[in-house]
Amino acid sequence: MNLGDYIHEAVFEEKNTYLFDLFWDNFEEDGFVITDEDNHEIDCIFKAVAIQNLIGEFVYRLYDEVNETDFESVVEHLANLGIAEDEIIAYCENDPEIDVDEGDNAATIKNALDYTTQIVADKLLEMFSPTDLFDYFFTATYDFEQDFTFEFEDTDEFLAFVDSNQEKLDAYKEEFISVLDWIESGMIV
């Protein structure tokens, strides 16, 4: 199974694929994720779920909806790839930045997802401005049907929509200044 295809189909699913593609393609170009080499599955799945986690946190802050992405998603996606929990723990133990909780695999995997979410947030802020991230997150999660009848075919149409609606998006940034502040401060709770 091709890892890149699996990530796009199983992790990113059909919802907001243009946004995930934008981020993931930039990560791949930068070498931040490597999907075509052996033994990178765990790292890639953590990073893909971290993107979901950040978007879920944005939705929580904007719409007060529960962020349903958690460490169990990592375990499930890796299990689908044939990677057992003990391999995930070994990955965590080999990274000195991940806080390993001896005897509590769930806590260790949660710590790994938290750590990965922070480095993914840092990488997003390195690649995109906070205002661009707000525009992308907002456009991907807001139901524009009230104001627009537009469905995105791909990432290019998504970006064109963002560019052509900058004035409206700027008004939303003013309305949701605390969410923009959260992005500017690193997107970590």
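Helix axes are lines fitted to C-alpha atoms over the stretch in contact, and angles run from 0 to 180 degrees between N-to-C directions. Helices are DSSP runs (H or I, at least four residues), numbered from the N terminus. The model is predicted: local features need pLDDT of at least 70, side-chain atom pairs count only at pLDDT 80 or more, and totals for chains, interfaces and linings use all residues. Residues are numbered from 1 along each chain as its sequence is written, and side-chain values use heavy atoms, without hydrogens and water.

Helix α1 (residues 3-11) packs on helix α3 (residues 41-63) at about 30°, with axes 11 Å apart. The two are therefore roughly parallel (angles under 35 degrees). Contact means heavy atoms within 4.5 Å. From α1, Leu-3, Tyr-6, Ile-7 and Val-11 take part; α3 supplies Glu-41, Cys-44, Ile-45, Ala-48, Val-49 and Gln-52. Eight of these contact residues are nonpolar, one is polar and one is charged.

Helix α8 (residues 155-164) has four named buried positions: Thr-155, Phe-158, Phe-161 and Val-162. Buried means under 20% relative accessible area, and exposed over 50% (1.4 Å probe, protein chains only). Asp-156, Asp-163 and Ser-164 are exposed on the face turned away.

Met-187 lies in the segment after α10 (177-184). Its phi is near 65°, a positive value in a residue other than glycine. Most residues other than glycine have a negative phi. At 2% relative accessibility, Met-187 counts as buried.

Conventions
Angles under 35 degrees count as roughly parallel, over 145 as roughly antiparallel, 65 to 115 as roughly perpendicular and the rest as oblique. Ala, Val, Leu, Ile, Met, Phe, Trp, Tyr, Cys and Pro count as nonpolar, Asp, Glu, Lys and Arg as charged, and the others, Gly among them, as polar.
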